[in-house]
Amino acid sequence: MDKIITLKNISYQYHDTDDRPALKNVSLSIEDGEWIAIIGHNGSGKSTLAKTINGLVAPSQGEVTVGGLILSEENIWNIREMVGMVFQNPDNQFVGSTVQDDVAFGLENQGVPRADMIERVKSAITRVKMQDFMEKEPARLSGGQKQRVAIAGVVALRPQIIILDEATSMLDPQGRQEVLATVKEIKEKANLTVISITHDIDEAANANRILVMKNGELVQEGTPEEIFSYGDQLVEMGLDLPFAEKLKSDLRDRGIAVPADYLTEEGMVEWLWTLLSKK
Amino acid sequence: MMDKLIFGRYIPGDSWIHKLDPRAKLLGTVIFIGIIFLANNWLTYLLLLAFALTAIRLSTIKLSFFINGVKPLIWLILFTVVLQVLFTGGSTVYFDWGPIIVSQEGLLNGVFIFCRFVLIIFMSTLLTLTTMPLSLTDAIEYLLRPLKVVKVPVYEIALMLSIALRFVPTLMDETEKIMNAQRARGVDFGEGNIFQQMKSIVPILIPLFVSSFNRAEELATAMEARGYKGGEGRTKYRKLDWVSRDTIAMLGYAALTVGLVVLRK
């Protein structure tokens, strides 16, 4: 598979006077069609890392390559066309006055002819199942719906990469489900590369690979199974423990021998009922 | 309480007036406010009133909405009218006491000024009740276009207007939340004398101010991520269509102007 994103020795500092850089010598590569989750505590540099990919943050050192282009002043807008980004606060990224105006915003920026635009806006909105809300104002939408509109805004631009910068963190569980389901479906259909920055275990579980950031450095990397098997350390890494893991550690506290490797919720059920029937 | 403050107060509908191009409506309202100063006798005011009432009728919006529009300004209007009545001299004087003179001309002028205010409020209320704020910004952008020649950033002004309008409900919600948070900490809004009341606004304004700046920054980042690089080279999703209906409305205004010129003294 082709590498779609390569970061080479990226360092970044918000202010010259900061003694601790936001990013310290980070290198990574992401393959076309991968789903990557980046986890880590607040201030670990994960959002900054995501922002270097589309040039919202210019690294003080290192090289960013996206889709074969080395990020520079000249091609920054080409790269932004390839990378769609959904941010944390649903309200603060809603530019248009209605759903369709907001989805059209990015297309307007690219100077897409109006006839094309109408069609692309409509199909993007249908993709995220918001077609009944075309004329609605943001004030009348739920957080999850607003985030789906933001995704539609990204989808309409037909990017190759979509970055979710804690896009589900301000949503209720239902909104979170809605958004994740939407991203999953779109990723499959359009063969997108997804980078999600998250604290949410379910969101991270969707990934092919999880990267763990700490103090501006990349400290761990692995499949969800590998990372989740760290158990109690997951909280230190900036994730909430999955339900099955919480149960496991409670059982361990009561003196019950539990398997050391990571269990999905189904695996947990399987293990539980076989445990009892064996006796 | 907050709902009343939302300006625009657009009432969705499907009437002839609703369907008019926002440019026609905006231009029409401006023309109306201009030509109202042509009126200087009963006949001309009657003509304007008939015109306004016909327009209101066509909008199928209840007259009470328009009368409500006058209410917040009624003291200002009455004050102006009273000044006009008390200090206008004339040939037929009813009452004369030092600088205060009540004359026939003054009374008549007072009534005319009252009519003028009410008519202007009626027509501008008609504009805001039947036009989405968003369409209105589109119209403003279009009508300001000639100013591009003198380097006025018309496009940016329109975008600013539409973003401002879009954030009105968001900031209202936020104000409500902050007020509740302050109430929970024992702040009493609307209590005490005027200074105490003003002081209690400060703990609302400061967090609101701070969060608005945060919002602005995040919005700017989001806009940049979505490829916004200024008005150059952008296409437009919204399109305004000028149809025969709009030309008819403009002709209506032309006829009104001619009527006023003919009927005025």
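Two strands pair if DSSP finds at least two bridges between them, and the strands themselves (E, at least two residues), like the helices (H or I, at least four residues), are DSSP runs numbered from the N terminus. In chain B, β1(B) and β2(B) form a hairpin with two residues between them, and B:G98 in the turn has a positive phi of about 60°. Four bridges join β1(B) to β2 (residues 100-103) of chain B, the two running antiparallel, and B:V93 has B:S103 in β2(B) as its bridge partner.

The model is predicted, so that local features need pLDDT of at least 70 and side-chain atom pairs count only at pLDDT 80 or more, while totals for chains, interfaces and linings use all residues. Residues are numbered from 1 along each chain as its sequence is written, and chains are lettered from A and ligands numbered from 1 in the order in which they are written.

Chain A holds two open sheets that can be followed strand by strand. One of them has six strands in the order β6-β7-β8-β3-β9-β10 (chain A), with mixed pairing. Its edge strands are β6 (83-86) and β10 (217-222) of chain A, each of which pairs on one side only. Neighbouring strands of this sheet are turned by 20° against each other on average, direction ignored, where axes are lines fitted to C-alpha atoms, for helices over the stretch in contact, and angles run from 0 to 180 degrees between N-to-C directions. Within the sheet, β7 (residues 161-165) and β8 (residues 193-197) of chain A pair in the parallel sense over five bridges, and A:I163 stands opposite A:I195 in β8(A).

The other open sheet has four strands in the order β2-β1-β4-β5 (chain A), and its pairing is antiparallel. Because β2 (23-31) and β5 (69-70) of chain A stand at the edges with a single partner strand each, one side of each is left without a neighbour in the sheet. Strand β4 (residues 61-66) of chain A is joined to β5(A) by two bridges, the two strands running antiparallel, and A:T65 has A:I70 in β5(A) as its bridge partner. Helix α1 (residues 46-53) of chain A packs on this sheet, touching β1 (3-12), β2 and β4 of chain A, and its direction makes about 120° with that of β1(A); here two residues are in contact if their C-beta atoms, placed from the backbone, lie within 7 Å.

What lies between these elements can be described through the nonpolar cores. A nonpolar core is a set of buried Ala, Val, Leu, Ile, Met, Phe, Trp, Tyr and Cys residues joined through C-beta atoms within 7 Å; a residue is buried if 20 or more other C-beta atoms lie within 10 Å of its own, exposed if 12 or fewer, and partly exposed in between, with C-beta atoms placed from the backbone. The largest nonpolar core has 79 residues, and those that touch the most other members are A:I36, A:I38, A:V103, A:I151, A:A152, A:I161 and A:I163. Helix α5 (residues 143-155) of chain A contributes the largest share of this core, six residues. Apart from it lies another core, of 25 residues, among them B:L119, B:I121, B:A249 and B:L256. Leaving aside neighbours within four places in sequence, A:I38 is in contact with A:K46, A:L49, A:I195, A:I197, A:L211 and A:M213.

Helix α5(A) also packs against another helix. Its axis and that of α3 (residues 99-109) of chain A come within 7 Å and cross at roughly 35°. In this contact A:V99, A:D102, A:V103, A:F105 and A:G106 of α3(A) meet A:V149, A:A152 and A:G153 of α5(A).

The two chains meet where 26 residues of chain B are in contact with 29 residues of chain A. On the side of chain B that touches chain A, α9 (154-184) and α10 (194-225) of chain B each supply at least two residues, and α10(B) gives the most, with eight.

Finally, B:M179 lies in helix α9 of chain B and counts as partly exposed because it has 18 C-beta neighbours inside 10 Å. Leaving aside neighbours within four places in sequence, B:M179 is in contact with B:F189 and B:I204.
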